[in-house]
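Student: I have a model open and want to learn how to read it. Can we go feature by feature?

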Amino acid sequence: GTKKKATCPGLGLFYTILSALLFSVASLFLKKIEDVHSVEVSAFRCVFQMAFVLPGLIYYKTGFLGPKGKRIFLFFRGFLGSTAMVLLYYAYQVMPLADATVITFTSPVFTSLLAWIFLKEKYSLWDLLFTLFAITGVILIARPPFLFGSRVSGIEGSYTNHLKGTIAAIASTLSAASTIVILRKVGKSVHYFLSIWYYAVIGLIGCVIALFVLNEWRLPHCGRDRVFLILIGLLGLGGQVFLTKALQIEKAGPVSIMKTMDVVFAFILQVLFLNHLPTWWTVGGALCVVASSSGTAIRKWRHSVKKAKQRDI
């Protein structure tokens, strides 16, 4: 028989690092764009997603609506996923890049909590501890005045915008965690491309409606911003592709741990290109959140390995 070609050791982890770098650079370009609302940036991102997914839907003959019993789940996956994207882009625009990136890494912790509530998955004392770590990290980043006093230093712009960005980032994380729970509920009965298709179509429709309601639709006033919009779409798409490829050839646990490189890249890019040094509060919050998400990933990884061994026996 023919032997399957061996995968290059560490290739999945390399794809994960490359994905983290692409996502971080896309976030940097978002910070550099002027006078373009986060909803409009999200609409451009959805257009790129649709252009990429459409040929795949035609090639795999999945259709455009999906199985009848799964359409409601796909709708909410698209709605919550696109909402998470808009809120995250808004957070990137109004608060430091590293702060917003760190808050998004609480997603695995909230995913475990929501999976326990809605899918009846196991939620242990370790999971509770990791949740408390994540909340502590977010508090250190937000630095609410009733805990840290009225003089909050080291933020970008006004504290009001910093607080709005923190709330948007937390809401984005909860929405992203909800989409993961929905995808677990759907399982492998729906093709991956169809899931992204709903995400892009519903996101584009929602963004267009929001732009008309907010009266924020405008073309970028300079060529540089237009180039940035295109690059954000391409880099975001590339990051998603490499992350998907990483998960195809590597276990989810190592990929989740290596994905914390997002935080490292965010700190480096913020210092090099935005001239904004992170405070020790942000560094402390980042350590809490990274420890929390890494601990959650390691526990899930060990649990899956244990179950695989039991099946083999």
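**Reading a loop, a packing and a buried site**

Tutor: Start with exposure. Asn 275 has a relative accessible area of 68%, so Asn 275 counts as exposed. Keep in mind that this is a predicted model.

Student: Where is Asn 275 placed?

Tutor: In the loop between α12 and α13 (280–312).

Student: What is phi of Asn 275 near?

Tutor: First the general idea. Most residues other than glycine have a negative phi. Phi of Asn 275 is near 50°, a positive value, and the residue is not glycine.

Student: At what angle do α1 and α12 pack?

Tutor: At about 40°, with the axes 9 Å apart. Here α1 covers residues 11–32 and α12 covers residues 261–273. Their crossing is right-handed.

Student: Which residues of α1 and α12 meet?

Tutor: From α1, they include Ile 17, Leu 21, Val 25 and Leu 28. From α12, they include Phe 265, Leu 269 and Phe 273. By class, the contact has 10 nonpolar, one polar and two charged residues.

Student: Now Val 190. Is Val 190 buried or exposed?

Tutor: The cut-off for buried is under 20% relative accessible area. Val 190 has 12% relative accessibility, so Val 190 is buried. Val 190 sits in the loop between α8 (159–186) and α9 (192–214).

Student: What does Val 190 touch, beyond residues up to four places away in sequence?

Tutor: Pro 67, Lys 70 and Leu 74.

Student: How far apart are Val 190 and Gln 310?

Tutor: In sequence, 120 residues. In space, 28 Å from C-alpha to C-alpha.

Note on methods: Residues are numbered from 1 along each chain as its sequence is written. This is a predicted model: local features need pLDDT of at least 70, side-chain atom pairs count only at pLDDT 80 or more; totals for chains, interfaces and linings use all residues. Side-chain values use heavy atoms; hydrogens and water are left out. Axes are lines fitted to C-alpha atoms, for helices over the stretch in contact, and angles run from 0 to 180 degrees between N-to-C directions. Helices (H or I, at least four residues) and strands (E, at least two) are DSSP runs, numbered from the N terminus. A crossing is left-handed if the near helix is turned anticlockwise from the far one by less than a right angle, and right-handed if clockwise. Contact means heavy atoms within 4.5 Å. Ala, Val, Leu, Ile, Met, Phe, Trp, Tyr, Cys and Pro count as nonpolar, Asp, Glu, Lys and Arg as charged, and the others, Gly among them, as polar. Buried means under 20% relative accessible area, exposed over 50%, partly exposed in between (1.4 Å probe, protein chains only).
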